[in-house]
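Visitor: I would like to go through the strand pairing here, with reasons for each label. Please show me the model.

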Amino acid sequence: MNIIYTGTQNEFPPQYREKLEGKLRKLSKMIERKGEKEAHIIHRQERFLHVVEITINMFDHRIVCYGEDADLLSALNTALEKLEKQVVKLREKWRDTKRQPAPPESEALVESAAALEQPDKRQGKKIFRVDHESDGRKPMTLDEAVMEMDGTRNGKPDYMVFRDADSDRLSVLLRRRDGNFDLIES
């Protein structure tokens, strides 16, 4: 992990620097392993108060921790403790939300059997079949289909599939962006 020190007044003593770098090495194992990571450490002194700020980018999040105390070591420890808590919390949150449970074995067997039977279907797309005979709908005329689409304007269906009463053929009525309709007959 690259460590960038910033501070105009005082430098860290060597023993504090070793402790800080050791702790950051430990935390860098929990951070994303891709690429090189950087930690920005800013130290400033306001009268008798030491302020240490540590900034790290992790999983596209910026983690900023402050520690302030009259003693430099205790300010550094406070900032490191806050950083460690935030890194652990963010890592657990990321790990828990990205995991998906494995399907039970019975569902996995059914899915694998279905995949073997129909290899040409796409895995990510689902096809829902509509059985028009079982729902008891009657054929409708073109005017009835237009009135039903206009009546459900709030829901705004973009298309309607219906059986034409005159020709007993399947027809699709599409609503265009300009408000007019297109009719496709089979």
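Visitor: Which residue in E7 does leucine 173 stand opposite?
Guide: This is a predicted model. In it, leucine 173 stands opposite leucine 183 in E7.

Visitor: How do you know that strand E6 and E7 pair?
Guide: Pairing requires at least two bridges between two strands. Strand E6 (residues 170–175) is joined to E7 by 5 bridges, so the two count as paired. They run antiparallel.

Visitor: What makes E5 and E7 edge strands?
Guide: The open sheet has 3 strands in the order E5-E6-E7, with antiparallel pairing. Strand E5 (159–163) and strand E7 (181–185) each have a single partner strand, so one side of each has no neighbour in the sheet. From one strand to the next, the twist averages 20°.

Visitor: Which strands form the other open sheet, and in what order?
Guide: 4 strands form it, in the order E1-E2-E3-E4, and the pairing is mixed. Strand E1 (2–6) and strand E4 (61–69) are the edge strands, as each pairs on one side only. Here the twist averages 15° from one strand to the next.

Visitor: Why are E3 and E4 called paired?
Guide: The cut-off is at least two bridges. Strand E3 (residues 49–58) and E4 are joined by 9 bridges, so they meet it. The two run antiparallel, and valine 51 stands opposite glutamate 68 in E4.

Visitor: What lies across E1, strand E2 and E3?
Guide: Helix H1 (residues 14–28) does, running at about 140° to E1; strand E2 covers 38–46.

Note on methods
Residues numbered from 1 in each chain as written. Predicted model: local features only at pLDDT ≥ 70, side-chain atom pairs only at ≥ 80, totals over all residues. Heavy atoms only, no water. Axes fitted to C-alpha atoms, helices over the stretch in contact; angles between N-to-C directions. Contact = heavy atoms within 4.5 Å.
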